[in-house]
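The following exercises are to be worked with the sequence and the coordinates at hand. Each task is followed by a solution in steps.

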Number of protein chains: 4
Amino acid sequence: MATRSDPRELGAPLAQRLAATRALTLALAQPLSDADAAIQPFPDASPAKWHLAHTTWFFETFVLRDAGVAPYDDRFAYLFNSYYEGEGDRHARDRRGMLSRPSLDEVRAWRAHVDEGLDRALPSLGPGALALVELGIHHEEQHQELFLTDILATLAANPLEPAYGEATHYPGTAAPLEWINNPDGLTMIGADPATPFAFDCERPRHRALLHPHQLASCPVSNADWDAFIADGGYTTPTLWLSEGWDWARREAVTAPLYWREDGTYFTLAGRVARASAAPVAHISFYEAEAFARWAGARLPREEEWEHAAASDDPASGQQLDHAAAVIPATKTGWFGAVWEWTGSAYLPYPGFVPEEGTVGEYNGKFMSGQMVLKGASCATPRGHVRASYRNFFPPSARWQFSGVRLARDC
Amino acid sequence: MATRSDPRELGAPLAQRLAATRALTLALAQPLSDADAAIQPFPDASPAKWHLAHTTWFFETFVLRDAGVAPYDDRFAYLFNSYYEGEGDRHARDRRGMLSRPSLDEVRAWRAHVDEGLDRALPSLGPGALALVELGIHHEEQHQELFLTDILATLAANPLEPAYGEATHYPGTAAPLEWINNPDGLTMIGADPATPFAFDCERPRHRALLHPHQLASCPVSNADWDAFIADGGYTTPTLWLSEGWDWARREAVTAPLYWREDGTYFTLAGRVARASAAPVAHISFYEAEAFARWAGARLPREEEWEHAAASDDPASGQQLDHAAAVIPATKTGWFGAVWEWTGSAYLPYPGFVPEEGTVGEYNGKFMSGQMVLKGASCATPRGHVRASYRNFFPPSARWQFSGVRLARDC
Amino acid sequence: MATRSDPRELGAPLAQRLAATRALTLALAQPLSDADAAIQPFPDASPAKWHLAHTTWFFETFVLRDAGVAPYDDRFAYLFNSYYEGEGDRHARDRRGMLSRPSLDEVRAWRAHVDEGLDRALPSLGPGALALVELGIHHEEQHQELFLTDILATLAANPLEPAYGEATHYPGTAAPLEWINNPDGLTMIGADPATPFAFDCERPRHRALLHPHQLASCPVSNADWDAFIADGGYTTPTLWLSEGWDWARREAVTAPLYWREDGTYFTLAGRVARASAAPVAHISFYEAEAFARWAGARLPREEEWEHAAASDDPASGQQLDHAAAVIPATKTGWFGAVWEWTGSAYLPYPGFVPEEGTVGEYNGKFMSGQMVLKGASCATPRGHVRASYRNFFPPSARWQFSGVRLARDC
Amino acid sequence: MATRSDPRELGAPLAQRLAATRALTLALAQPLSDADAAIQPFPDASPAKWHLAHTTWFFETFVLRDAGVAPYDDRFAYLFNSYYEGEGDRHARDRRGMLSRPSLDEVRAWRAHVDEGLDRALPSLGPGALALVELGIHHEEQHQELFLTDILATLAANPLEPAYGEATHYPGTAAPLEWINNPDGLTMIGADPATPFAFDCERPRHRALLHPHQLASCPVSNADWDAFIADGGYTTPTLWLSEGWDWARREAVTAPLYWREDGTYFTLAGRVARASAAPVAHISFYEAEAFARWAGARLPREEEWEHAAASDDPASGQQLDHAAAVIPATKTGWFGAVWEWTGSAYLPYPGFVPEEGTVGEYNGKFMSGQMVLKGASCATPRGHVRASYRNFFPPSARWQFSGVRLARDC
């Protein structure tokens, strides 16, 4: 199960991890038709094909170009750059669903070509280039999760409710909620300098101050959420942040995304009965916050969560081992199944310095209007998970496997 | 070349025409990938696959259902009803591009199934049902033209500018513009009751009054339009209708749709040099109107145009004979190459009575906010053309093969 | 009561009519506070103060400027030009409610100044300038009606429902509907060349062809409209034009504008019980069209209406005699109480030539996207009314005193 | 100058402060016409009259109602409730500019009536009610600042650029920027429990951890901002947060709000030459953040700022002493002239508990999508200022007197 690199083995393992990562992306695309892979369900989500292409563009641009390798097709940089201003003009984000060409097969051919180029180039790359390969692997792992959440949104937009695949993980039984005492006082959070890889936004490791509090032993379940709905959770304005209430009215939100009124929900495995013990997913920060207020609790702060999770094994919990139609299962630890909204805004850590060069646009430029999520989900590639990881989305985002764990002051 | 039915031959020829029509639609889809056929370039245009499906739904619903044939898939009616309120709920028009399933091949299989059903049912259909088959053929011919204009918009939305096919018709040389004296006084317009088929909006044939005027012998050419642009046509507000000027500013319109700044335009055959003698196409009513004012002229009225064209052969001119990447060619008569905007609003004729039943929603409900176009275009199936034909689009529409011919009072 | 000029009396009467017109506008503003006069209830309506200022700007610009009189305040032209592109840049239409200065009193002072200037200039003006004074009078009369409809919209936007004044006209009893046979065949419509004044869009007088039809003897009443609502008029899509149905859904339209659910409506005299025999007002073209379909009838064509009304006295009927809180009363003739939507689009007459110069932007540039209304309303200044008058508004407009009369083919 | 209450004097001083506060609001309205006071320049700003009315509604609802006093006008609660869901339905925020009635004078009369009621009720109020009077005073002080920023926006929307008054404060000379060493380690922030008044969001006082850093001795000046612009600050995407860049493009932002291209800016005293040494104002968080990146610095964190300012006198600096057309002047301390954007999101403090009852909707419900500003501005009533104060606005807000001070890690 452990695909995580050992810090002592940078070099040969990099090539292996690169190959495994590239292969997993291809495997994720295997069940899709050319048309499935072309659809953009809404502007913040991308077509599956785009993820295949963009991750390839990343290696071609930031690794192969500097290694003197000519691009496969000069026109692809314009189409598949995501947001790197330093890399020139690019196709409008909300028009990614207009691209029937290159076809899914043509993108696969490009991937193969770039994979061969990387294979050839790898032995002679210097440390800077190797660091970019490492970054590219983690970047592609992120897009693997987005691949699954975006194709879920794509298939959900079709009244025929087609399934991506057959369910391979399934919810277990619930453990009773307990309140865990987390210590207060000073702690350290952020990525350890000795860690083989971390994104710039996780650094530097720094002191943080914890105030007296407790954390729930498990996230909020679908059954808990049913109780919230039954108690008027979505119709009681005083439970909500003002912005959240306006959002819920405007978007007519009355349940988590993909819930149907008949006790089912739409999943990668199609429409199935909701697992009541499994953690609720596909909720926004606004909904998480309203639920916490209703429950007489609050959301954990990033540092509280990270401190508590630091001693847990990041490889534990339900994560993505191979291409599959994953559905969140019961979660007993800190990682996997669903990401957990925190009450912390996504802002720079003390002493934060963005990565150098164009890739430095990677995280810092998104540090406004977003909230941090911690943990990992059933769609996070196993090996991509660590306590210091800072996932982030706007407070209204629901198409991720986003859930919530309660906290309270004490 | 003449595929038009003879009024004396309703019966056997109907089956032949039905087969030919259904075959042409399939042929139009032949060059497309599954993804090409799934994309909706903007809300008023539909995916190619949707046209294949909707025309099939029409026959299944209005012909086979009454013949007692069960639908191929119960879920398709919801997806592929266009706007018939009488036929129940339907998929939102602006979400037609979200349907990767059914796939293009699955839609083809449905078509084949319905075609067989029609074959079997045809011999025993009564006159009412046969009239609906006739209507279905003409309905499908309309969608053949939309198929081409919509796929042109789809491919144009891709920065790679893929071609639908190779050009098969090509612009000839221009004839000099002459002013033709059309008589004034009373005339008759509208579909002749003896005509084998006409849409309800073309009826009844009725008297119309012509005022002294002249019509141009040919439509405005690309070269003429270049002169309009060079003379500040798009930057002189007093040439424009107020609504048109606001539209042109808001949409940043500075040339016909698909024109590129380097003397080329994007066509079904890809990006090619503009043919200066060919009629300008892909202009809105607003642009046509501004051009006419600039030229010291006006747009023809529907009755003027129809009277003048009545003696011309509707089968003349460049029209769609078989699936091809058509481009407007030089036009000497009244039909083909480009539709011609008139100055007439699309309103009911004196004595207009809508078709009975759900199909009666067909034309009457669109009689506001639209202008009439006459003639036919290079994408109009040959045989679908007649002088009484009333095509209509909102004044801002540009993705049709829409051009303009000048008129003047005298 | 008759304030209409006699064609033989152009000269002295012009000064009198000018004074009377300018005085009426002032009188209309008398009940308003500075704040009342500053509010713009929605982008297509203007603040009361703006009407006072714009009509003054018209005379200052098109008459006094050419007479060599310097503008009162150089900055006002920018603020109070409506849409004359030829007169340079202007304040954005949807920002007219941002102007607390100049105050209502300052605008009154400007009016007085311009009135004195006109008084002084009038004796020495040539025929061209006198024609512009004439045009300015009629232009100001149009704005008097808009003044009332816009202040009605302004006061209606206030939950306190303040009245503009006390009701001075009140609905009488209804006459039973009769169907009047209008002749068919050729007739003449448009402004008579001998008429003392007409807008360019009413010209030239020309032949028009009538088809066999009948017109109702009176417009549709509030009681009739209650029956339409009770019969599901607003919830039956097949009664509506497609565009109208979408509009009614989007805007949540379920009754005429200003109707309240308790049998009252908001009027210039405040909220009062609806007069069931009085003609329905504040309906859109879309609603008029749906009502007519529901009633098995259609809307009159412009030429049918004009032919029928030609022999009626335009001074008859309930029109605006002096500043008052008018409400539509029962109507027996063709003029007054409510404007009547026709089924005719507002398009140029055969041989139409716009007025020369900047004032020529006056009517022609609005000839798209609008429908013609005929007659006059309770807010139309008496003397401003004639059978050839072409009022026009977009099909969704409801804030005018717009009603409907039925027609039918026969 | 010191109008701040002494904690030992709650009682008599409360009545004095109440009277002084109510009088200042009236004085602020003195220069305005009825129309000036009615205009809402954009949905997030309110008409001046609305501020007068809403602050009165607050006392009538939360103090007088519980003291058994009947409301002055039953209809006003609907009009002048801002966002208290617990107090029932209310007038739409973006329609506040539709209210010409009640007039400015009528609102003044209401104010006088409520002031008398408060006078009468005050002697017999219990501690809970007195706390609400105290809250009402601070609430009204907040609206005094909004009154000035909103009327500035209102007058700025008028091309005539009318002045609110004559300038009474004027910029001095600049001190050179120095970097101040703030200590690192643990500190205490938040309102001292012994403080006579603080909003719930400032509590509880709690430990905070400072990381090594320096703060600038003064805010960024207009001259500094000129240098930023000259160096391409608004045209270099890599300086900006992604969301900020999109905002600046969409809104065409190229300078602080109210700056004109000729070296002037629009102020409450009309359009005047920009004071280059004075702190820049009317910038968004996005602009502040981009400036800091350009300057190789960052924004201060809330706790850094508060720690540094704790020892400064909150009554120092340019603040609002009486009704005046204030303009930011040179600032040497921490308070006054301009609010300073921090890099901290507006989120609940550890242990935060909202105020009980409807007034508890006051702050907590806005804790998403907003950034904290510290200090005070030239429009903040003197006495309303303290180091623990947490002002907050969305990152795009510019109509406040919002500036920026730099910080840097060390």
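**Exercise 1.** With which residue does A:Arg101 form a salt bridge, and how far apart are the closest N and O atoms?

*Solution.* The model is a predicted one, and side-chain atom pairs count only at pLDDT 80 or more. The partner of A:Arg101 is B:Asp36, with 2.7 Å between the closest N and O atoms. The criterion requires a side-chain nitrogen of Lys or Arg within 4 Å of a carboxyl oxygen of Asp or Glu, so the pair of A:Arg101 and B:Asp36 qualifies. For the interface of chain B and chain A, the rule finds two salt bridges.

**Exercise 2.** Describe the interface of chain B and chain A by its residues and its buried area.

*Solution.* Step 1: chain B contributes 29 residues to the contact, and chain A contributes 29 residues. Step 2: the two chains bury about 2300 Å² between them, with 59% of that area on carbon and sulfur atoms. Step 3: on the side of chain B, 30% of the area buried against chain A is supplied by B:Met98, B:Arg101 and B:Leu160, more than by any other three residues.

**Exercise 3.** Which rotation superposes chain B on chain A?

*Solution.* Step 1: in general, a rotation about an axis and a shift along it relate two copies of a chain. Step 2: for chain B and chain A, the rotation is 180 degrees and the shift along the axis is 0.0 Å, with an RMSD of 0.0 Å. Step 3: this is the relation of a two-fold axis. Step 4: the residue of chain B that comes closest to the axis is B:Ala35, whose C-alpha lies at 2.0 Å. Step 5: 100% of the interface residues of chain B are also interface residues in chain A, so the copies meet through the same surface.

**Exercise 4.** How many residues has the largest nonpolar core, and which of them have the most contacts inside it?

*Solution.* Step 1: the largest nonpolar core has 233 residues, and B:Tyr164, B:Trp225, C:Tyr164 and C:Trp225 have the most contacts inside it. Step 2: helix 5 (residues 127-156) of chain B provides the largest share of this core, twelve residues. Step 3: apart from it lies another core, of 230 residues, including A:Leu148 and D:Leu32.

**Exercise 5.** Is A:Ser242 buried or exposed?

*Solution.* Step 1: A:Ser242 belongs to helix 7 (residues 242-250) of chain A. Step 2: the relative accessibility of A:Ser242 is 17%, and the residue therefore counts as buried. Step 3: beyond its neighbours within four places in sequence, A:Ser242 is in contact with D:Lys365 and D:Phe366.

Terms used. Residues numbered from 1 in each chain as written. Chains lettered and ligands numbered in written order. Predicted model: local features only at pLDDT ≥ 70, side-chain atom pairs only at ≥ 80, totals over all residues. Heavy atoms only, no water. Least-squares fit on C-alpha atoms with pLDDT ≥ 70 in both. Contact = heavy atoms within 4.5 Å. Helix = DSSP H or I, 4+ residues; strand = E, 2+ residues; numbered from the N terminus. Buried < 20%, exposed > 50% of the residue type's maximum accessible area, 1.4 Å probe, protein only. Core = buried A, V, L, I, M, F, W, Y, C linked by side-chain atoms within 4.5 Å. Buried area = accessible area lost by both parts, 1.4 Å probe.
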